[in-house]
Amino acid sequence: MIIHENFDVNEKGHLTIGDADAVELAEKFGTPAYILDENTIRKNCRTYLRAATEYFGADALPLYASKALCFTGIYKIAAEEGLGVDCVSGGEIFTAKKAGFPAEKIYFHGNNKTNRDIKDALDAGVGTFVVDNEDELEALSAEAVRRGITQRILLRITPGIDPHTHRAVVTGNVDSKFGSAIVTGQAMEIVKKALSADGIRLAGLHCHIGSQIFDIDPFSDAASIMVKFIAEIKEKCGYEIDELNLGGGLGVRYTEYDREIDYAEAIKDIAAVVTDFCKEHRIKMPKIILEPGRSLVAAAGATLYTVGSVKEIPGFKNYISVDGGMPDNPRYALYQSQYTALIANRADAPRGYRATVAGRCCESGDLLGENMEIQKAERGDILAVLVTGAYNYSMASNYNRIPRPPIIMIKDGEPRIAVRRETYEDLTANDVI
Ligand code: LLP
């Protein structure tokens, strides 16, 4: 096992991903390629569903936050595993519907839904809007009235929590662009507006404090603040909230320096706090929704590259350049995210060499990691970056007109193409003049 149990080394000394030989995958499908182990994703879905229903009650539901990795096949898995999904754009909703995902189990997020988004989502029959602000509430109410329907909503609330993660992925603080803050009184104001708005049924509240969080306390703190707020709504408005969505954000182990989280235990701990607070504040336990993205898909993925140039700058550093980079994984450039890299065709050799792994773009910041512990490499080696299942393909670009890699899904050790490699023709398909 390397970092996660779906990564291992076989008798040839090759990296295996979900029991498939990474070197054979690179030969068969070319590089760069995203590899995704379906069994790991399904196992993670089951862990969440089982723990949520066991500790929060039979009606609890995990949603897959599909911004983490979005293509039709992943919505089919979410549907088969009995999860709902969080979509954050018309494009994600379209993809979910195309995969046959049941619209009533879609939660539609976003801090700036356009009028077109609102219309498209209503046309698609999206079950729940997570309304971010008063402008959206008014626009949605007007459109629902025009259609003669009542739309189920949650309100996004900012509990005022600092979860100690990268500042770009913090979302639950008072000055966040998302939601309405409790401490400023704006949360109570929007609750009252939602209760009196035509065409709207307020089913519950939502909060999401951030991403890649290892400490359970910020989740428990946010949950307790939300429960207290539900009690306040009951007292001031005489209205009992049915549903509480606690968001996503549990961290994932990317390197051996990261802890591993037991997700079932984490859910159990948060559930204990919610149950106690509900009793203390004499409110019924709401239906609990969880919204994991990264922790469902990250560990299932790895990206395979072919090593091109290897450069040693004496007294400075070593570079290993690969045939991908920031277009397929912008996370180091954006957040200095740490990854584990290894040479897949010598995966059993010690990682005793230090190198900066660079991409192929015309830009010095195009790196997959600096000072990485890896094996010595030479041109033609297959380099694997592990734990790339989340926020890689979904954040990929065509910078330098580089086509996006394919997604190869492994099921019980057998590979199949889930998303085909982009072609140069794809790259020019929208160019009109
Ligand atoms: N729910 C909401 C409302 C969210 O905004 C997010 C993530 C999630 C759930 C899922 O969070 P997760 O379980 O994946 O942590 N691009 C960044 C991550 C941005 C997260 C955005 N929101 C990265 O690559 O680290």
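The model is predicted: local features need pLDDT of at least 70, side-chain atom pairs count only at pLDDT 80 or more, and totals for chains, interfaces and linings use all residues. Residues are numbered from 1 along each chain as its sequence is written, and side-chain values use heavy atoms, with hydrogens and water left out.

The lining of the second largest cavity (residues with an atom within 4 Å of a point) includes Tyr 34, Leu 69, Thr 303 and Ile 407. Two or more lining residues come from each of β4 (33-37) and β14 (301-312), strands being DSSP runs of E of at least two residues. Among the residues lining the largest cavity are Tyr 48, Phe 219, Ile 267 and Glu 291.

Aromatic pairs (ring centres of Phe, Tyr or the six-membered ring of Trp within 6.5 Å; planes under 30 degrees apart stacked, over 60 edge-to-face, the rest tilted) number 5. Phe 108 and Phe 129 form an edge-to-face pair, at 5.4 Å centre to centre and 70 degrees between the planes. Because Phe 108 belongs to strand β7 (residues 106-108) and Phe 129 to strand β8 (residues 128-131), this pair ties together parts 21 residues apart in sequence.

Terms used. Helix = DSSP H or I, 4+ residues; strand = E, 2+ residues; numbered from the N terminus. 1 Å grid on protein atoms, 1.4 Å probe; cavity = no way out; pocket = protein on both sides within 12 Å on 5 of 7 lines; lining within 4 Å.
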